[in-house]
Structures are given as structure tokens and as C-alpha cells.
Amino acid sequence: QTQPESLAQAWQGIFKVGAAISPGQVMYGGTLIEQQFNIIVAENAMKAGSLARAGEGQYDFTTADAMVDWALAHKVAVRGHTLVWHNQSVDWMFDDGHGGTAKREVVVARLRKYIHDVVGHFRGRVFAWDVVNEAFVPDEPGTEQVKGWRSSAFYQVIGPEFIALAFQFAHEADPQALLFYNDYSTEHPAKHQMILALIRDLQAKGIPIHGIGHQSHYTIAQPADFKVLEQHIVDIGKLGLTNHITELDISLHRDIKVSSADDATPELLALQAQRYSDLFAMCARQRDKVSAVLTWGISDAGSWLRQWPQARFDAPLLFDDDMEPKPAFDALIKLGKAS
Ligand code: G3I
């Protein structure tokens with residue numbers, strides 16, 4: 001029996017290839033992960049709601065440590081996701097203990113301690129952090145926002161400086177770690193402008209920012225050439241930062257209804273393979289500016305899209321429900337070897 005080909009090997013020397021994983025996947029046998037990927041990120045295990053649910057200064061690193069230790073023992077690099085996010089956050093950070101909101105300086109001190117503790121705990125093991133996730137919403141009219149900023153608790157209590165503070169605290173805790181701002185829809189011009197403004201602002205203040213994470217949750221209806229995203233990656237590279245594709249998936253949904261596995265026709269899967277190839281080809285063209293590409297999950301069965309916005313069918317990843325490689329996987333192996 002021949003060994004299946006490896007994505008990480010096919011793309012060796014171009015950029016790292018990886019996936020978001022959940023604890024069970026390494027604890028009950030990480031063979032496929034080890035074989036296919038040279039970088040991982042925890043899908044949920046390193047968010048504040050997972051690490052510090054019990055209260056200030058009360059951490060449970062057990063699950064995250066097991067994943068990180070497993071990865072490093074298998075020569076797989078680890079991204080950290082995510083230090084500051086409005087979702088899967090912890091209420092104690094903003095609580096004044098009397099049913100109201102704590103003062104700004106109290107919240108800043110708690111944020112400092114949280115970031116120092118968490119980044120410090122993983123210092124030397126997690127090489128890159130999504131320091132802040134999804135702070136800008138200029139293209140989402142339905143979302144509560146102030147001048148394009150998401151009106152999160154961090155924004156409301158601290159103000160826009162919460163980003164600079166978070167990056168500063170992360171740098172203090174691990175001066176070697178690469179620090180990223182991560183967001184979805186980074187191909188939208190208004191969001192891109194806000195990201196460029198953030199980079200310039202941090203650079204002017206002397207606060208390190210090393211990369212931008214492009215979540216890249218797409219549907220197969222997404223334009224195939226990814227031209228706009230490519231230009232944005234170039235712009236970011238010109239400011240001296242690297243780019244990671246951090247949460248890639250390509251949903252089968254477009255204008256057609258996909259409601260069961262029967263709808264995942266060979267034609268649709270071939271189109272999905274083409275979209276994956278187009279994105280990877282763009283990243284290969286910009287290999288000096290793109291240093292990692294990670295999918296958001298491994299097998300279709302475990303994708304967040306199966307739960308969002310409600311329980312439904314989708315098949316957005318590279319491996320099917322039985323962990324068998326899909327046409328998109330085969331296309332990426334071929335493309336990587338040719339690149
Ligand atoms: O852990 C609890 C479990 O104890 C409980 O029994 C169960 C009941 O619903 O919920 C479990 O928590 C769920 C968690 O995933 C772990 O499975 C949460 O309800 C669920 O909301 C959470 O969803 C995650 C989501 O972030 C949270 O907003 C998804 O798995 C995860 O894929 C998704 O990831 C985000 C990125 O972090 C940021 N970018 C967008 C991306 C997709 O939304």
C-alpha cells in the first residue's frame with residue numbers, strides 16, 4: 001500500500017500548510033495531522049472562554065498544553081488563536097462586581113495580566129499569535145459599530161487603543177513571537193484600509209505587528225482569481241509584514257441549495273478544487289509575502305459550517321466525512337509539486 005501524499009511536503013519551501021484542530025484529534029491519534037501538516041492552530045482551545053472561564057487568574061491550560069506538546073513533539077508549528085475577541089470571551093474581564101462595568105484602568109490591567117499570563121505560558125512554544133481578532137466591521141451595516149470599529153466590550157470600555165495595548169502586552173510577554181491582526185473579509189476595500197491604517201499606527205508608535213491573518217471563509221461563488229486579495233497581500237507585504245491565510249474553507253453553497261451529501265456532486269467538488277487551487281496559486285505567486293495557509297478544520301464532518309447558522313449540510317474542507325482526501329486535496333498536491 002502506497003503512502004498518501006503529504007500537503008506539507010508538496011508545499012515544502014513555499015509556505016507552511018496546516019489546519020485548525022480540536023483536542024480529540026491529537027489525543028486519539030494525530031497520524032493524519034502529522035502526515036499532512038507542518039502547522040496547526042486550536043479551533044477553540046486557546047480562546048479566553050476555554051482558558052480562563054473560571055475567573056481572573058484562574059486558568060485551565062490542560063487541553064491546550066496537550067495539543068501544543070503533541071504538535072511540537074511531531075515537529076508541527078503552533079499558531080495561537082486568539083487573545084482578544086468579542087466572542088468566546090470572558091465576562092469577568094469587564095465586570096465591576098456590582099452588576100456594572102469595571103473602570104477602564106481596571107479592564108486594561110486585567111487585559112495586561114491575561115495576555116502576560118497566556119502568552120507567557122506558551123512562550124517559546126507558540127510562534128505566532130492572533131493578538132486581536134475581528135475588530136473592524138466597515139462593511140457590515142447591520143453590526144453595531146463606531147466609525148467602522150466593532151462596538152465590542154473592548155472598544156466600548158478601552159476605546160480603539162485596545163489594539164495597541166494588546167500588541168504591546170503580547171510583545172512584552174514573548175518578544176520572539178510573531179504578532180498578527182486576524183480578520184475575515186479582508187478582500188473588502190474598506191476593511192483593508194482600516195487594516196493598513198492600524199499597521200501604520202502601530203509602526204508609528206513603535207509597537208510590533210508582524211503579520212495579517214486573512215481568515216478566508218469563502219463560498220465557491222467567490223471570484224476565482226482572488227485578484228483583490230492578492231493586491232491586499234502585496235500592500236501588507238510592502239509595509240514589512242507577512243501574511244497568513246488562517247481559516248480557509250470554501251463552502252459549497254452559492255445560489256444553489258445544498259442540503260445533503262447527495263448535493264455534493266462531482267461537478268461541485270471539481271469547482272471547489274478549482275477555487276482552492278486558485279487561492280493556493282495566488283499565495284504561491286506571493287510566496288515571499290505569504291508564509292502559511294491553514295484550513296479551518298480537517299474533515300467536512302467537523303466543520304463549523306455544519307452548525308452555522310444552524311445545523312445543515314456543507315462540505316467546505318479538503319477531507320470528507322470519512323477522512324478521505326477530496327478532489328481539492330488532489331489538486332493541491334499536484335499544484336504544490338509543480339510550484
Ligand atoms: O464547549 C462547549 C460544550 O461544552 C457544549 O456542550 C456545546 C453545546 O453547544 O458547546 C461547546 O462550545 C461550542 C464551541 O464551538 C466548541 O465546540 C460553542 O457552542 C460554539 O459556539 C463554538 O463555535 C466556535 C465559534 O468559533 C465560536 O464563535 C466554532 O467551533 C469555531 O470554529 C469558530 O471559529 C471562528 C474563529 O475563532 C474566528 N473566525 C471565525 C470562525 C468561525 O466562526
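These notebook entries record what I looked up in this predicted model.

**Ground rules.** I number residues from 1 along each chain as its sequence is written. Because the model is predicted, local features need pLDDT of at least 70 and side-chain atom pairs count only at pLDDT 80 or more, while totals for chains, interfaces and linings use all residues.

**Whole chain.** I found 12 helices and 11 strands in the chain, as DSSP runs (helices: H or I, at least four residues; strands: E, at least two), numbered from the N terminus. The radius of gyration, taken over C-alpha atoms, is 20 Å, close to the 20 Å of the globule rule (2.2 Å times the number of residues to the power 0.38) for 339 residues, so the chain is as compact as a globular protein of that length. I noted that 42% of the 339 residues count as buried (20 or more other C-beta atoms within 10 Å of the residue's own, C-beta atoms being placed from the backbone).

Glu247 lies in strand β10, residues 242–251. I list Glu247 as buried because 24 C-beta neighbours fall inside 10 Å. Beyond neighbours within four places in sequence, Glu247 is in contact (C-beta atoms, placed from the backbone, within 7 Å) with Ala20, Gln215, Ser216, His217, Leu294 and Trp296.

**Ligand.** I found Glu247 again among the residues around the ligand (C-beta atom, placed from the backbone, within 6 Å of it), together with Glu43, Asn44, Asn87, Gln88, Asn133, Gln215 and Trp304.

Notes. Buried ≥ 20, exposed ≤ 12 C-beta atoms within 10 Å, placed from the backbone. Contact = placed C-beta atoms within 7 Å.
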